[in-house]
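Please look over the structure shown below before reading on.

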Amino acid sequence: MFRWGVLSTAKIGREQLLPAIVEAENGVLSAIASRDLSKAKALAERFGAHHAFGSYEELLASKDIDGVYIPLPTSQHVEWTAKAIEAGKHVLVEKPLALDAKDIPPLIKLRDQKKVLVCEAFMVIYHPQWIKVRDLIASGAIGRLRHVQGAFSYYNVDPNNMRNQLDLGGGALPDIGVYPTVSTRFSTGKEPLRVQATIERDKKFGTDIYSSIRADFGDFELSFYLSTQMAARQVMVFHGEKGFIEVFSPFNAGLYDHHRVELHNQNHTEAQVLRFPGTQQYRLEVETFARAAQGGKERVFTLEESVLNQKVIDAIFRAGGKDGWEAV
């Protein structure tokens with residue numbers, strides 16, 4: 001069994017990853033660390049972890065840990081990923097791994113030196129609905145892909161939430177902009193060449209709260225919008241010459257809608273509905289990661305892929321301050 005340690009008692013861990021680790025067939029929750037020992041003990045008791053630590057350093061020094069999950073504030077991801085690698089631990093770090101693509105190559109070098117697995121936690125690539133979308137596009141089910149359209153929004157104006165704190169790496173693009181980009185790249189196997197963007201920032205928080213983005217992939221375009229201050233919505237549509245694919249709950253499947261993908265024909269007279277009931281994408285993520293860390297030939301989201309995805313986000317930020325196209 002792969003022995004997991006978790007750095008912090010963050011909400012994403014409490015609600016998604018810890019339950020997934022507990023339910024996983026090949027892993028066990030060994031330890032939880034918090035700068036507040038009482039919080040670590042309480043969460044350890046709740047999820048049955050064997051150890052609770054009052055510092056992240058103590059957990060990383062433990063011989064009872066094979067790998068760690070890091071759901072710390074975004075601005076701390078690179079720092080603690082590096083420390084975990086140095087400690088010889090495998091690392092699954094919450095997205096976004098970095099706030100600048102140039103910060104990732106040093107982690108790749110460190111990963112190779114220590115011979116550990118390090119992955120950014122994009123759970124969507126493990127969900128069978130996205131694997132199906134990729135396979136449908138590759139098989140020519142919609143013919144030549146011409147356009148991808150997406151949206152991801154929610155409403156959050158809590159000043160104490162890290163998503164609204166610029167110094168912690170908050171903002172719509174770091175938090176949710178990564179999903180339309182990564183799912184399009186995963187589904188098509190293509191990389192964008194250039195981007196255009198309009199970005200609006202909150203006058204009080206300083207974070208980006210709305211973006212409208214256009215990305216040129218050469219053979220097709222991706223257009224999507226994001227917001228942290230709009231009514232909640234998620235959708236992705238892949239439109240080709242012979243039909244289109246609509247993903248109704250692309251990123252939080254089961255929350256925004258059912259695990260449902262629809263394949264429509266050219267004349268919009270027929271639709272094939274594909275459902276994936278009971279799928280737990282976070283459990284699939286941690287099980288796949290554990291197998292890969294233990295030597296399995298699993299497809300995981302590599303740091304090299306993290307560099308490519310972050311380059312897109314970096315380019316969008318640059319494009320938001322100018323008219324016209326910005327090279328990725």
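Histidine 147 is a residue of strand E7, in what is a predicted model rather than an experimental one. With a relative accessibility of 27%, histidine 147 counts as partly exposed, because the partly exposed class lies between the 20% limit for buried and the 50% limit for exposed. The notes below start from this residue.

- Although histidine 147 and phenylalanine 220 are 73 residues apart along the chain, their C-alpha atoms are separated by 5.3 Å.
- Once neighbours within four places in sequence are set aside, the residues in contact with histidine 147 are Phe220, Glu221, Ser223, Val237, Phe238 and His239.

**The open sheet**

- Strand E7 belongs to an open sheet of 9 strands with mixed pairing, whose order is E14-E13-E12-E11-E7-E10-E9-E8-E15.
- At the edges of this sheet stand E14 and strand E15 (326-327), and each has a single partner strand, so one side of each is left without a neighbour in the sheet.
- The pairing of E7 with strand E10 (residues 221-227) is parallel and extends over 7 bridges, and valine 148 has leucine 222 as its bridge partner in E10.
- The loop between E10 and E11 contains threonine 228, which counts as buried at 2% relative accessibility.
- Apart from neighbours within four places in sequence, threonine 228 is in contact with Tyr154, Tyr155, Asn156, Gly171, Ala172, Asp208 and Ile209.

- Helix H6 (residues 128-138) has as its buried residues Gln129, Trp130, Val133, Leu136 and Ile137.
- Viewed down the axis of H6, these buried residues fall within an arc of 120 degrees, so they line one face of the helix.
- The packing partners of the buried residues of H6 are H7, strand E11 (229-240), strand E12 (243-247), strand E13 (260-265) and strand E14 (271-275).
- Just after H6 comes glycine 140, with a positive phi of about 85 degrees.

**Strands E1 and E2**

- E1 and E2 run parallel and are joined by 6 bridges, with alanine 33 in E2 as the bridge partner of leucine 7.
- Strand E2 (residues 27-33) is mostly covered, since 6 of its 7 residues are buried.

**Aromatic pairs and charges over rings**

- The structure holds 11 aromatic pairs, and one of them is the edge-to-face pair of phenylalanine 2 and phenylalanine 289, with 6.1 Å from centre to centre and 85 degrees between the planes.
- Phenylalanine 2 is in strand E1 (residues 2-7) and phenylalanine 289 is in helix H8 (residues 281-293), so this pair ties together parts that are 287 residues apart in sequence.
- Phenylalanine 2 is buried, with a relative accessible area of 1%, and phenylalanine 289 is likewise buried, with a relative accessible area of 1%.
- In the pair of phenylalanine 152 and tyrosine 179, the ring centres are 5.9 Å apart and the planes are at 50 degrees, so the pair is tilted.
- That pair links distant parts of the chain, 27 residues apart, with phenylalanine 152 in strand E7 (residues 145-155) and tyrosine 179 in helix H7 (residues 172-188).
- Both phenylalanine 152 and tyrosine 179 are buried, and these two rings belong to one aromatic cluster together with Phe122, Phe251 and Phe301.
- Arginine 194 lies over the face of tryptophan 325, at 4.0 Å from the ring centre, while arginine 260 lies over the face of phenylalanine 248, at 3.7 Å from the ring centre.

**Annotated domains**

- An unreviewed UniProt entry places the feature "domain: Gfo/Idh/MocA-like oxidoreductase N-terminal" at residues 2-119; in the model this span is 42% helix and 23% strand, and its end C-alpha atoms lie 16 Å apart.
- The UniProt annotation "domain: GFO/IDH/MocA-like oxidoreductase", also from an unreviewed entry, covers residues 131-246; in the model this span is 22% helix and 44% strand, and its end C-alpha atoms lie 14 Å apart.

Definitions and conventions. Residues are numbered from 1 along each chain as its sequence is written. This is a predicted model: local features need pLDDT of at least 70, side-chain atom pairs count only at pLDDT 80 or more; totals for chains, interfaces and linings use all residues. Side-chain values use heavy atoms; hydrogens and water are left out. Rings of Phe, Tyr and Trp (its six-membered ring) pair if their centres lie within 6.5 Å; planes under 30 degrees apart count as stacked, over 60 as edge-to-face and the rest as tilted. Helices (H or I, at least four residues) and strands (E, at least two) are DSSP runs, numbered from the N terminus. Buried means under 20% relative accessible area, exposed over 50%, partly exposed in between (1.4 Å probe, protein chains only). A charge sits over a ring if NZ of Lys or CZ of Arg is within 6 Å of the ring centre and within 35 degrees of the ring normal. UniProt positions are given in the numbering used here, feature names are shortened, and annotations may be inferred rather than shown by experiment. The arc is that of the directions from the helix axis to the C-beta atoms. Contact means heavy atoms within 4.5 Å. Two strands pair if DSSP finds at least two bridges between them.
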